[in-house]
Amino acid sequence: MMKKMSMSTSKTSLVLFLCQIISALDVPLDSKLLEELSQPPTITQQSPKDYIVDPRENIVIQCEAKGKPPPSFSWTRNGTHFDIDKDAQVTMKPNSGTLVINIMNGGKAEAYEGVYQCTARNERGAAVSNNIVIRPSRSPLWTKEKLEPNHVREGDSLVLHCRPPVGLPPPIIFWMDNAFQRLPQSERVSQGLNGDLYFSNVQPEDTREDYICYARFNHTQTIQQKQPISVKVFSMDSLNDTIAANLSDTDIYGAKPVTERQPVLLTPTGSTSTKVELRGNVLLLECIAAGLPTPVIRWIKEGGELPANRTFFENFKKTLKIIDVSEADSGNYKCIARNALGSVHHVISVTVKAAPYWITAPRNLVLSPGEDGTLICRANGSPKPSISWLANGVPIAIAPEDPSRKVDGDTIIFSHVQERSSAVYQCNASNEYGYLLANAFVNVLAEPPRILTPANKLYQVIADSPALLDCAYFGSPKPEIEWFKGVKGSILRGNEYVFHDNGTLEIPVAQKSNAGTYTCVARNELGKIQNEVQLEIKDPTMIIKQPEYKVIQRYGQVSFECIIKHDSTLLPTVTWLKDNDELPDDERFLVGKDNLTIMNVTDKDDGTYTCIVNTTLDSVSASAVLTVVARPNPPFDLELTGQLERSIDLSWIPGDENNSPITSFVVEFEDALHEPGVWRYQTEVPGTQTMAQLKLSPYVNYSFRVIAVNRIGRSQPSEPSEQYLTKSASPDENPANVQGIGSEPDNLVITWEPLKGFQSNGPGLQYKVSWRQKDVDDEWTSVIVANVSKYIVSGTPTFVPYEVKVQALNDLGYAPEPSEVIGHSGEDLPMVAPGNVQVHVINSTLAKVHWDPVPLKSVRGHLQGYKVYYWKVQSLSRRSRRHIEKKILTFRGNKTFGMLPGLEPYSSYKLNVRVVNGKGEGPASPDKVFKTPEGVPSSPSFLKITNPTLDSLTLEWGSPTHPNGVLTSYTLKFQPINNTHELGPLVEIRIPANESSLILKNLNYSTRYKFYFNAQTSVGSGSQITEEAVTIMDEAMASRQVDIATQGWFIGLMCAVALLILILLIVCFIRRNKGGKYPVKEKEDAHADPEIQPMKEDDGTFGEYRLFSFVSSAPI
C-alpha cells in the first residue's frame, strides 16, 4: 500500500478519559455532566480500510462519530470533496456520516470504486476516518481452452494445472469428479497452494476422465468449474502388448519396466527461493516432490529450531505453516524430500517485514486553562515508519498557528493552553506496507468542582475488610480532595487510610470503631463542594461447621453439614453446588436448614459439594468431596492364550473399580463335560495382575470366569471365556480316604472317596480294589469295580487286620501305584468278663474299684474301655422300698481302676465291670457288694415352734431326710434378740435322738428368740436349721396394745408383700425352666466329698457317668 498522508480518529472518548483520571476504582460518571461538557468529535465506527463489496447489493460505507455539540459530516473521494447532493444514488443516514450507495435500483458498483475518507466536525475540532478503499468483488468465468488428454507412463510424475480466473478476493480451489465427490489425496497425490494437482508418481488406478478443478468465490456465493481433464496411465505390460502387435517377429522390442527414481522437486523449482511475509500473518512454505517410491518431506530451520506451539504441518507435511510470524522467524527454511534412492532439498529464504504497529498511540487530553500537556505518537515497523501530524485534518505545517503548541517529531508539547487550543490532532505512521492513523483531541475546559457520588450514601462493610468510600468528582482544573470524619471532625491523615486519585477513601482494615459519618470536600480555584456518606461495619459470615469428606457405598445415604454464624442484621442465603454447578433436579437431594442429604446414592453423585453462604456484603464457602464406592464391575474381554496340555494363560480387562481399589481376582472354572452349570474355585491373583497361568487336568471341557474383589465385596462374575477341551490321559491320582472296616463279624467293608469328574482324566473311570490279610503270607486279591465308593469282602475271620489299597483306572490306563492302608474285619461282642474285681472304700461318698484286664484276643474288636455298673442296695439306717438308680461309669482305654464319686454314706452298694469294644459290651463280672461308712446327717426335715405363752414355747421337729448313720442326739441352741436386733447370751441343750418335741420354760415374756437346731451321728454334727419365735405379753400390757393384725394399713402391707413374693417365685420358676438345669455328673460333683475335689477327671479315673432307674419290690 502506498504511503498516504491520511487521517483517522482515535477510538478513545472523553468518557473513557474521565474514567481514567477521576475513577481509578471504576466510579461511574454522571450522564447529565457529560451532556453539559463540550467535547471535540470522536470517530466511533468506520468501514475497514480495504472494503470489498458485493456488486449486486447496496454499498454502505460506515462513519459514526460523537461530540458536544453533535458533529457534522463530510466526505472526500479520491482526495477531492464528494458532493453527495449531486448524486441521486448516494444518501447519508440522518444524524450520521454513513453513506448508502443505491446499487439495486440501477446503479453500478464499478462506478463507485475509489478511496473514501470521512470528516466529523464541530466547533471544537475535526476528526477524520481511515482511507476506505471500495472495490466490488469479481468472479469471472473460466476462459475456454482445449484440453488434450494426458497420456502418462506408470511411475512418472504429473501436474494437472488449474489456473483459475483472477477474482476479487481470490477463489478457494478444490478438485472433484463428475459425481461431485472430492478426489482422494495422499502423500502421492495432493493439491498445491496454487491449486494445481500434483502426482509424485502415477499408478494405473489414477486413470480417469473427470479430473475437475472448481473455484469457489465466497463474496458472490458462486462456484466456477473448469473443463474435465482426462488422464490415461499406461502400465508396462499393456505397453509391451501394444508394441508386440505392431512389430514383426524379427524386431527387437520391449519397454523398460517401471523403474524407481530418486526425488525431484516439482515445486518450488531450483535449489533456492525467497519469501517475504508481514508480521502477524501466517507463513506458508511448500515443497512437493516427484519420485518412486513416493518421497517423504521433512522441514528444518537452518541455524535454529522451528517455533514451538506455532508450527504446523499440512498436506502430508508438504506445507510448513507458522502462525503469527514475527521478525524473529526470518531465516532459511530447508525442505528435504527423501526416498530409498536418495534425496533432494530446497532452501527458502524468509524475510519478515512489518506494517506499522503502535508502541504508544496518542491519547485524548482534557486540560484546564494554563495547564501543560503532551501528545505522544510512537510506532514501529520494518522498515521504520515515518510520523506526520495533522490538526483538524490539515497538515500541521499549514494549520492555523497555536502559540501553546510545539511539534517535536513524534511528540506535540502544549504549554499554558487556553480554551481556543481545543482541537483534534491526527497522527499518521506510514511505511511501504501500510499506515496507521489515530485521532486524539485536546479539550480545554474550565469547570468548578462537582461531586457525583449521591449525598448520604450508605456503605456497609464486613469487619476486617477494606472499606471504600467514594467521592466521584469532576472539575477543571482538577480539584483537590479532603476527607473528614463527622461533620466537624479533623482532616483524615496517617497510615490508617489510603487516599486514591479518583477521590475514594480506603480504610484497609475496617473495624467497628470506624463506623460513622464521613465528609468529602472537593475544591479548585473556581469553587468548593462537599458531600457526606455513612459507614456501617457488620460482623463477618462464618461457617462454623463445615462439610467433611465422605466415603459412602452405593445406594446408601449421606449428609453434609453447613452450620453458619452471621450478623443479625444480614439475611444469609445458603446454596449448595455439585462440581461448581447447580444440584441435580432430583428428589433424592434434600436441602435442609443446616445440611444437605442425598438419599439412595448412585455413582453419578460422586463429586465435590460446596456450601456457599451469601449475604449482601460477603460470601463464604466450604467444600467436601463425596466418594461413592461399590463392588467392582465385572472383568470383561477374557482371552485364552498359550494353550498346552496341562496349562493355559487367561487374561482379562478389569471393570471399573468404583473408587475402591481391586485387591484380588478370583478365577473359577466350569467343567461342561462332567459338571455343567457348576463353577468351582481355580485360583486367586493380586488385584494388580490381569493374567493368570492356570493348571489344567486332562479330559475336562473348561470354561473360565473372573470375579473382582475390593474392600466392599465381590463383583458379579464375568462372562465365561471360550471353552477349552483338554486331551484324555490316565488318572494322576488315586481315591482318598481309603478305609477297611467290617460291618459284620465275617466281612470287611472297603470304602473310599471317589474321584471327581475332572480328576478322572478320561472316559471309563473304574477302581481296582485289592486286599490281603496282614502278617499272613497271602497274595493280593483284587477286583475291578465301576465308579462306586465301596466294596464288601465276605467270609473273613472276625477282627483280623487287612492290608487294603484302591487304584483308579480309565480307558487310557492306571493311576500311579496307590499306598496301602491297614483295616480290620468286623468285630463281635467280647467273650470274657473282667476278673478279680476289688473295691476300696475311701470315705463315706467315694470308693475306688480295681479289676484285671481281659485278654485282648477275647475282646474280638477294638478295645474301647471298661464300664462299671453300680447301684445302691439299701440304706443301713432304715428299711424301706425304694426306687433303685443304677449308674454307669465308662473308663476309656485299657484302664484297670476307677473312682466312684457321689456315694451316699452308711449305705450298701453293688457293682460289676464289663469290657467294651466297637460292637458292644461283654459279659458282666460277678456283682461285688460294698458298704459306705457313716457320715454327718442332713439338717432336720423341719422345725416348728407352737403354743407360745408368757414364759414358754413348744418346739417340734422332724428327723433328717438323710441321717447318713445312726442318730445319737439333737443339739438345740437359742438366744434372745432385743429391739435393736442385738443377740443375747447363747443357751445350748442336748436332746436324745428318739425325741421329736420339747417345751422350753422360764422364758422372758414378750421376747423374740432365735433357735439353732441340728442332729448328730457318731461322725459329727450335721447342718443346722434356724427359726425365730416370740413369747406373748402379759394381759395388762396386752390390754394397752392395739392388735395391729386388725389394722387396715397392716393388712394392705401384707397383701403387697405377698404379691411381690408371688412375682419373684414366678420369675425364678421361668428362669429355672430355661437355664437352670445341669447334668447329673455336675450335680454329683457339686455334692462330692471335699477330699476328692482336687482330683482330675481327664485321667479317666472317674470315667463317663450314666444313670439307670428301677423300683425294688422287696424290702431293703
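Pro383 is found in the loop between strands β31 (378–382) and β32 (386–391), where helices (H or I, at least four residues) and strands (E, at least two) are DSSP runs numbered from the N terminus. The peptide bond that joins Ser382 and Pro383 is cis, with omega about 5°. A cis peptide bond also leads from Leu292 to Pro293, with omega near 0°. Pro293 is placed in the loop between β23 (288–292) and β24 (296–301).

The structure is a predicted model, in which local features need pLDDT of at least 70 and side-chain atom pairs count only at pLDDT 80 or more, while totals for chains, interfaces and linings use all residues. Residues are numbered from 1 along each chain as its sequence is written, and side-chain values use heavy atoms, with hydrogens and water left out.

The chain contains seven helices and 86 strands. Of its 1116 residues, 42% are buried; buried means under 20% relative accessible area, exposed over 50%, and partly exposed in between (1.4 Å probe, protein chains only). The accessible surface comes to about 58800 Å², and carbon and sulfur atoms account for 51% of that area. Accessible areas come from the Shrake-Rupley method with a 1.4 Å probe, and for residues only the protein chains shown count as cover. Among contacts (heavy atoms within 4.5 Å) between residues at least 6 apart in sequence, 66% join residues at least 24 apart.

The largest nonpolar core has 28 residues. A nonpolar core is a set of buried Ala, Val, Leu, Ile, Met, Phe, Trp, Tyr and Cys residues joined through side-chain atoms within 4.5 Å. Ile59, Ile61, Trp75, Ile101 and Tyr116 have the most contacts inside the largest core. Two or more residues of this core come from each of β3 (59–61), β4 (63–68), β5 (72–77), β8 (99–101), β9 (114–122) and β11 (132–136). Strand β9 gives the largest share, three residues. Leaving out residues up to four places away in sequence, Ile59 touches Val53, Leu99, Val100, Ile101, Ile103, Ala109, Tyr112 and Ile134. Another core, of 20 residues, lies apart from the largest one and includes Leu638, Val667, Leu696 and Tyr702.

Gln117 also lies in strand β9. Gln117 counts as buried because its relative accessibility is 11%. Its side chain reaches the backbone oxygen of Ser129 at 2.9 Å. Such a polar contact is a pair of N or O atoms within 3.5 Å; within protein, one must be able to donate a hydrogen and the other to accept it, and residues adjacent in sequence count only if both atoms are side-chain atoms. Gln117 and Lys49 are 68 residues apart along the chain, and their C-alpha atoms are separated by 9.9 Å.

Asn747 is found in strand β65 (residues 747–753). The side chain of Asn747 reaches the backbone nitrogen of Glu744 at 3.0 Å. Residues up to four places away in sequence aside, Asn747 touches Gly742, Ile792, Val793, Ser794, Thr796, Ser825 and Gly826.

Asn456 lies in the loop between β38 (447–451) and β39 (457–462), and its relative accessibility of 49% makes it partly exposed. Tyr555 lies in the loop between β48 (550–553) and β49 (558–561), and at 57% relative accessibility Tyr555 counts as exposed.

Gly270 is likewise a loop residue, found between β20 (261–267) and β21 (272–278). Gly270 counts as exposed, at 54% relative accessibility. The C-alpha atoms of Gly270 and His346 are separated by 7.2 Å, although the two residues are 76 apart along the chain. Gly270 touches Leu265 and His346, not counting residues up to four places away in sequence.

A search of the whole structure finds one cavity of 30 Å³ or more. On a 1 Å grid over the protein atoms alone, a cavity is a set of points where a 1.4 Å probe fits but cannot get out, and lining residues have an atom within 4 Å of a point. Grid points are joined across faces, edges and corners, and a volume is the space filled by probe spheres set on the points. The largest cavity has a volume of about 30 Å³. Its lining is formed by Ser137, Arg138, Ser139, Leu168, Pro169, Pro170, Phe217, Asn218, His219 and Thr220.

Key. On a 1 Å grid over the protein atoms alone, a cavity is a set of points where a 1.4 Å probe fits but cannot get out, and a pocket is an open set with protein on both sides within 12 Å along at least five of seven lines; lining residues have an atom within 4 Å of a point.
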